[in-house]
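Hello,

I'm passing this structure on to you, and my notes follow below it. Please have a look and tell me what you think.

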Amino acid sequence: MRIDDKMRFDLNKANEAASKKKTSASSAESASSTSGSDSVSLSDSAKVLAGMKNTLASSPDVRTDLVADLKSRIENGTYNVSGRQIADKIVQTSVEDLF
């Protein structure tokens, strides 16, 4: 999975919206005193974002197994990447950034 600034921006917007909603809900709660029970329902988008946030928080920042493998291949001289593979990846990343 590729995480870029757009995803971080979307997560930040979701967090800001949630905190604004929480603030407005707490001020509305203090302004009105009701004797009923309160309920909260989250939209499907909020549930998906919360799940993504939890998954990202629980995943490691560095994939040590992959790093160790690449490091050993570089040291042994068996890590070879063609210029074509590099160019393909640059083009692929550029196209993904556009959309």
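Arg73 has a relative accessible area of 31%, which makes it partly exposed (buried means under 20% relative accessible area, exposed over 50%, partly exposed in between, with a 1.4 Å probe and protein chains only). Asp69, at 35%, is partly exposed too. The side chains of these two, Arg73 and Asp69, form a salt bridge, with 3.6 Å from N to O; the term stands for a side-chain nitrogen of Lys or Arg within 4 Å of a carboxyl oxygen of Asp or Glu. Searching the whole structure turns up one salt bridge. Arg73 and Asp69 are four residues apart in helix H3 (residues 64-76), so about one helical turn separates them.

A word on how to read this: the model is predicted, so local features need pLDDT of at least 70 and side-chain atom pairs count only at pLDDT 80 or more, while totals for chains, interfaces and linings use all residues. Residues are numbered from 1 along each chain as its sequence is written, and side-chain values use heavy atoms, leaving out hydrogens and water.

The protein has four helices and zero strands (DSSP runs numbered from the N terminus: H or I of at least four residues for helices, E of at least two for strands). Just after H3, Gly77 adopts a positive phi of about 80°.

There is also a nonpolar surface patch of about 460 Å², made by Ile74, Tyr79, Val81, Ile86 and Ile90. Patch residues have over 30% relative accessible area and no salt bridge; like charges are joined within 9 Å, and nonpolar side chains (Val, Leu, Ile, Met, Phe, Trp, Tyr) within 5 Å. Ile90 sits in helix H4 (residues 83-98) and counts as exposed at 52% relative accessibility.

Of the 99 residues of the protein, 2% count as buried.

Finally, the average pLDDT is 80, and 74% of the residues score at least 70 (pLDDT is the predictor's confidence in each residue, from 0 to 100). Confidence is lowest in helix H1 (residues 5-31), with a mean of 63, and highest in H3, at 94.

Best wishes

Conventions. Areas by Shrake-Rupley, 256 points an atom, 1.4 Å probe, with all protein chains shown as cover.
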